[in-house]
Every structure is written in C-alpha cells, then in structure tokens.
Amino acid sequence: MTSARFVSTSAWLPLGWMAVFLLLPVAILLRVSFSEPRFEQPPYTELFVIGETGRWLWEGTLQAWRWLFEDPTYRDALAGSLAMASLTTLTCLLLALPMAWAIARAPLAWRTPLLLAVILPFWTSFLIRVYAWISLLKPEGLINAALLGSGIIDAPLLILHSNAAVLIGMTYAYLPFMVLPLYATFARIEDDLLQAAADLGATPWQTFLRISLPLAWPGVLAGCLLVFIPAMGDFVVPDLLGGPDNYMLGTALWNEFFRNADWPTASALALTMLLVLLLPLALLQRLQRRSDVPA
Amino acid sequence: MNTQARGTARLGFLTAVSFGYAFLYIPIVLLVLYSFNDSRLVTVWGGFSTRWYSALFENQVLLTAAWRSLQVAVTSASLATLVGLAAGLALVRLSGFRRGLLMACFGSLLVMPDVLIGLSMLLLFVNLEQWVGWPAGRGLTTVSLAHLTFASAYVAVVVRARLLQVDSSIEEAARDLGARPGQAFWLVTVPLIKPALISGWLLAFTLSLDDLVVASFVSGPGSSTLPMVIYSSVRLGVTPEVNALATLLIAAVALGLLSAALINRFISRPDSSR
C-alpha cells in the first residue's frame, strides 16, 4: 500500500459518515416534507402505497409547502429571522472591529491572553450565557435596578421579551465568531504599512478606513457569514429572551415539531432554512478555500 | 493631527474595546457572584452563602442528567476525534471531487443551525430503525451519534490547521526507512499533531456537554441531558440552583482550558503556534 492509497482509504470514513449522517438526512427531510401528519409511528404518511391493482400509487402532497407559502406566520418568521440575523451581524461587526484591531496591534505577549479572553465565553455553555441575561434584563433585574437607583428612569424598562433583548442576546452569543476572523486578517497587516501611511500624513482613522479595513475585507466577510448563518436558525435566544412577537424560523420549526407534532411542516421549514442559507454557505466555502480564514 | 485629537481618538478606541470585553464578561461574573447569594432575588444581596450548592448536590434529577451528559460527551468526543482526524487528513492530502465534497459537508456542519441538524438527525434515526432496526428507539446512543457528527467537523478544522504546519517529509523519511504508510502515519504524524488532537477532543467534549437543541430532538424518554434539564427549569424562571451549577461548569471549563494550554506548552514547546 502506498501513502496515497492510505490517505485515500482512510478518507472513506469521513466520506461515508457524511453520506449517512448529513446527505441522507437532507434527502429524508425532502421526502417527509411531501407527507401529511398522522397519529401513528412514524407520524407522517407514506409517499407511495400499493393500490388495488398492485401498482405503486403516488400519495404525496404539497400541503406542508402550501401552508408555508400561504400562512403569514411563516412569512413573518422568515422576515423576522432575516431582520434579526442581519441586525445581529451589524452590531457584532461594530463591536468586534475595535476589539480585533486592539488585539492585533497589542504587544505580542498580550495577544494570546486577549484572544483567549474572547474565546473563553465561547467555551462556556451557550444556554447558560443566554440565561445569564435574563437576570440582567428582567423588569426587577440588575440593569433596571441600576437605572432606577441612579434616577435615569423612573419606571422599569421592559427589555426582556422584546426585540432589544433578542438582539443583545444574539450579539453576545455570536461576538467571538466575528472577532476571530477579523483578528486573523488584521494580524497579517504589516506595521510598516501603517507606519508608511502615518508618515505620509494619514490620521489613524484614515489609515484604518483606507488601508486596514480594505485589506481585512475577507475577514470581515467571513465574520459576517459566521454570525449570520447560525443566527438565522437560532432557537435558544428568541425562545428565552424574546416575546411572542419574536417569532423566528428556529422557533417556528421547534414549535411545529414539539408542540404541533407536525413533522412534514417542520421538515419543509428546515428545507426553507437550508435554501436561504445555501448562498451564504457557498460564499463562506469559497472564502475559506481561497484565503485560509480560520473558522 | 495634533496630539490632543490623537489622544481623544485613542480614548474613544480604548472605551470601545473595554466595552466589548465588559459586555462579554459582566453577565458571567454576575452569575458567579449571585450563585453565592443567600437571597433568591437577584437584586437583593442576602449575604454570602453556599446553600444553592448544597441544594444542587441533593437534586437527583440534575445529578443524573449531568452523569448522562458526561457519558455522552466522552463517547462522542472520542469517536469525533477519530472521524475528525481522518477528515483533517483527507482535507490536507486528498484532491479533487472527494476533497471538495468533504470541504462542503464539514464546512456546512460548522455553521448549520442546530434545529436543522436536530430535525434531520431525528428523521434519519427514525428511518434507520424502520429499515435496519438500528438504533432501536432514541436514547443516549442517538444523542452520542448526533453529537459525534457535528463535533467531528470542529475536530477536522483543528487537525487540518495543524497538519498544514507539519512537514510531510518527516513521514516520507519514515517510509524510506521501511515503515508501512499506516505505521508512518500513526507513529510519526499522529504524535506530531497530538496537541491538535487534544484540543479537538476538548472542543468536541465541550460542544457535546453544551448542546440543548440537537439533544432535544434525538433523545428519548428518560434520556434527558443536562442542558435539557437546565432548559426546562430556566423556562420556569431563574433559579439560584442553576446559578450554582453554571458556576461549577464555568470553573470546570476554565480549569480544562488552563490545563489544555499547559499541556500544549509542555508538548510542543519548540513550535507552539497553536
């Protein structure tokens, strides 16, 4: 056996695994989305049944898909997800730009600890990090207590169960995904280049906008995609911090499955999510292939 | 630009950076602080107390779920490291269609929303049971399989990054000296990328321990994992016991990361680029 053969043979493990655990499930999603829910195991109808003449008959239906297009709830969920994911991406970008820049320009010995400090929250439970915000945001929570105590407001702000709470929670949860690729591209920019710009009379702000940011463009795009894609399908944040108005694709899918036990509609929603994310996913792939931006 | 304006710009910049870090850490710090609060209310400091920790250790539901989650995390992380190692190797040394396919699959898994992974995995398990009778029902096996799948993508990223730095001529030297390809890989390359395997395992372990959504879809009756139990108690309102549990988890993660950093430094002193 040659080395190439060894690599080629061992590649069948991940390839086979992906075929069974990623590609096959997507095919099954498609199949179930053409069924009707029923009270049996499995809780959806067959696509083909053997008719009286002994021939296979098509029994599938477009019902789930029709609902998705006709019921405004799902349209709102899609619009809500798109809006919230875009807004989250923007706030993450605005917060992460100065952070990533500061880390990349910090003395060498400082960079690793500063970077670790950004990654550390990512290693602690997502659920717990979202949960921590409940005690901060609720009407009798700490933010309101502080604002009331200092006399800035005289009635508690109703932040929890609002769009603002979902935005705060999502920004908090996904910020590290933005900082890391930004840092990776900022760190590659040579100090000499910035010094040259300064010598030629550029202000730090001008240098940042006209030299650093254009050079870091792949990192900016990668960061935006790394935040936008998971934010589109988030369930935990809108469920715990949002109110009844914050219906998003993730919550819609969860409710169809767990509350209504409607597997076909849940499958159609999942495929819709996948379709919407296909373009951003492809973009991210291209970006990572071209310029080794760390994920 | 004069020095004063430069100073103002610098101040604004520092404010923005500190705001970012404060934003990341204030909720966690408060959570830890309030786990030692004697009062049930977050806004009232009732004095230092460890009563929520004692309550935690008497909560059988939480403890059983924690044990379950630990089993799932160890199993799925170990197997994910194996799949991720093979995937990382293929991503670096393979070319053509199969590499592109692997890139697309593992790349998508990294960012794909949990609900999507959860539902499609559940449908897979339900159908597999119909077709081949395995896995029978849903439980810790199905949760482990699902976790193993998405965690392997993270391991693959870490392994690939490390493999790109390893000089392949070392393995070739082993081949020239008569080692079989498998031998050369396991005896030469695997030890070289050990730090990546350790951090990949830790990452997979943490991701598994952390997962609520996928586990909710693919677990069965009586196999609720720790995040599922936390979630249902959080839905009923903030409980100080959860604060205590969260503090313990954060401490465990911090300790794990610290030891990983130390191991990393210890093993790969000459080229500790990761």
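**Confidence and conventions**

Q: Which elements of chain B have the lowest and the highest mean pLDDT?
A: Helix 12 (residues 240-267) of chain B has the lowest, 79, and helix 10 (residues 213-218) of chain B has the highest, 96. Here pLDDT is the predictor's confidence in each residue, from 0 to 100. Helices (H or I, at least four residues) and strands (E, at least two) are DSSP runs, numbered from the N terminus.

Q: How is the confidence of chain B as a whole, and that of the complex, expressed?
A: Chain B averages a pLDDT of 87, and 93% of the residues score at least 70. For the complex, the predictor gives an ipTM of 0.88 and a pTM of 0.89. This is a predicted model, in which local features need pLDDT of at least 70 and side-chain atom pairs count only at pLDDT 80 or more, while totals for chains, interfaces and linings use all residues. Residues are numbered from 1 along each chain as its sequence is written, and chains are lettered from A and ligands numbered from 1 in the order in which they are written.

**The two chains**

Q: How many helices and strands does each chain have?
A: Chain A comes to 14 helices and 2 strands. Chain B has 12 helices and 0 strands, and its pattern along the sequence reads α-α-α-α-α-α-α-α-α-α-α-α.

Q: How does chain A stand against a compact globule of 295 residues?
A: The globule would have a radius of gyration near 19 Å, but chain A has 24 Å. The radius is taken over C-alpha atoms, and the globule rule is 2.2 Å times the number of residues to the power 0.38. The C-alpha atoms of chain A fill a box of roughly 85 × 75 × 30 Å along the principal axes; for chain B the box is roughly 70 × 70 × 35 Å.

Q: Why is A:Leu241 called buried?
A: A residue is buried if 20 or more other C-beta atoms lie within 10 Å of its own, exposed if 12 or fewer, and partly exposed in between, with C-beta atoms placed from the backbone. A:Leu241 has 27 such atoms within 10 Å, so it counts as buried. The residue is found in helix 12 (residues 236-241) of chain A.

Q: Which residues does A:Leu241 touch, leaving out those up to four places away in sequence?
A: A:Val130, A:Trp133, A:Leu160, A:Ala165, A:Val166 and A:Gly169. Two residues are in contact if their C-beta atoms lie within 7 Å.

Q: What share of each chain is buried?
A: In chain A, 45% of the 295 residues count as buried; in chain B, buried residues make up 43% of the 274.

Q: What makes A:His161 and A:Ala261 stand out in phi?
A: Most residues other than glycine have a negative phi. A:His161, however, has phi near 65 degrees, and A:Ala261 has phi near 50 degrees. A:His161 is in the loop between helix 7 (142-149) and helix 8 (163-187) of chain A, while A:Ala261 is in the loop between helix 13 (249-258) and helix 14 (263-291) of chain A.

Q: Are these two residues buried, exposed or in between?
A: A:His161 has 19 other C-beta atoms within 10 Å, so it is partly exposed. A:Ala261 has 13 C-beta neighbours inside 10 Å, so it too counts as partly exposed.

Q: Is the peptide bond joining B:Trp134 and B:Pro135 cis or trans?
A: The bond is cis, with omega about -5 degrees, and B:Pro135 lies in the loop between helix 5 (114-132) and helix 6 (140-165) of chain B. Most peptide bonds are trans.

**Meeting places**

Q: How many residues does each chain bring to the contact between chains A and B, and what kinds are on the side of chain A?
A: Chain A brings 77 residues and chain B 67. Helix 2 (residues 12-32) of chain A gives the largest share of the chain A side, 13 residues. That side divides into 58 nonpolar, 14 polar and 5 charged. Ala, Val, Leu, Ile, Met, Phe, Trp, Tyr, Cys and Pro count as nonpolar, Asp, Glu, Lys and Arg as charged, and the others, Gly among them, as polar.
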